[in-house]
Amino acid sequence: MRKALVVWGGWQGHEPEQCAHIVADLLREDDFTVEVTGDLGVFGSPTLAKADLLVPIITGEKLEKEHATALVEAVRGGLGLAGHHGALATSFKESAPFRYVSGVTWVAHPGNIIDFRVAITRQDDPVMEGIPDFDYRSEQYYLHYDPTVEILATTTFTGAYDPAARNIVMPVVFKRHFGAGRIFYSALGHVAAEFDHPYMPLILRRGLSWAARQ
């Protein structure tokens, strides 16, 4: 049975603890053994190396340099790394090694909570199979992302809230490989209530399972 480690923390506006338990339930539906913790010290513990999937639901916070280095090598060796919205994109923003392995950094969300469209670009991918383009209401994330990502869904900025972003097509869902490890990210899911959307949790659940150690 695969083991997942869900670590929550940081800014409470993203409801990290509540989201962590929802994500844990999604993982259990796919027969993962799940440990949920708010102890960021786990990044320096042997528990990390024993996991098949790491899901950090963390906004901000600091990651010790040696812990960041160990995490990079763990993913390179096959540990899966996955998350939604602030997870990965806003976690440990001062850590260059974490930015390198996560492949994504949040930089803006013009207009804050707005309505936008999600376009599925890879309907042939198992993560997105059967999912049509859909409307969504949340923060429309403007991201800096690694050139190696395989984009599964996008959104287009209208420029209504920031003319500098007009007609920019931005990834919403992507996956990538890092050595033997797999990384999955979905920008959807600002707060726990968004898990009520018909497609947001389905995409995340499939992506988490894909990212886990093979």
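Because the model is predicted, local features were considered at pLDDT of at least 70 and side-chain atom pairs at pLDDT 80 or more, whereas totals for chains, interfaces and linings use all residues. Residues are numbered from 1 along each chain as its sequence is written, and side-chain values rest on heavy atoms, with hydrogens and water left out.

Helices (DSSP runs of H or I, at least four residues) and strands (runs of E, at least two residues) are numbered from the N terminus. Two packed helices are described by the angle between their axes and the distance between the axes. The axes of helix 1 (residues 16-29) and helix 6 (residues 200-211) come within 10 Å and cross at roughly 60°, the axes being lines fitted to C-alpha atoms over the stretch in contact and the angles running from 0 to 180 degrees between N-to-C directions. Helix 1 is therefore oblique to helix 6, where angles under 35 degrees count as roughly parallel, over 145 as roughly antiparallel, 65 to 115 as roughly perpendicular and the rest as oblique. The crossing of the two helices is right-handed, a term used when the near helix is turned clockwise from the far one by less than a right angle. In this pair, V23, L26, L27 and E29 of helix 1 are in contact (heavy atoms within 4.5 Å) with P201, L204, R205 and L208 of helix 6. By class, this contact comprises six nonpolar, no polar and two charged residues, with Ala, Val, Leu, Ile, Met, Phe, Trp, Tyr, Cys and Pro counted as nonpolar, Asp, Glu, Lys and Arg as charged, and the others, Gly among them, as polar.

Strand 3 (residues 53-59) is largely enclosed by the rest of the structure, because seven of its seven residues are buried; buried denotes under 20% relative accessible area, exposed over 50% and partly exposed in between, with a 1.4 Å probe and protein chains only. The side of strand 3 to which L53, V55, I57 and T59 point is opposite to that of L54, P56 and I58, and all of these residues are buried. Strand 3 pairs in the parallel sense with strand 1 (residues 3-10) over seven bridges, pairing requiring at least two DSSP bridges between two strands. Strand 3 also runs parallel to strand 4 (residues 80-84), to which two bridges join it. L54 stands opposite L5 on one strand and opposite L81 in strand 4.

D52, in the loop between helix 2 (46-50) and strand 3, is likewise buried, with a relative accessible area of 15%. Leaving aside neighbours within four places in sequence, D52 is in contact with M1, R2, K3, L79, G80, A212 and R213.

E129, by contrast, is exposed, with a relative accessible area of 53%, and lies in the loop between strand 6 (113-120) and strand 7 (134-139). Not counting residues up to four places away in sequence, E129 touches Q123 and R206. The C-alpha atoms of E129 and I203 are separated by 9.3 Å, although these residues are 74 residues apart along the chain.
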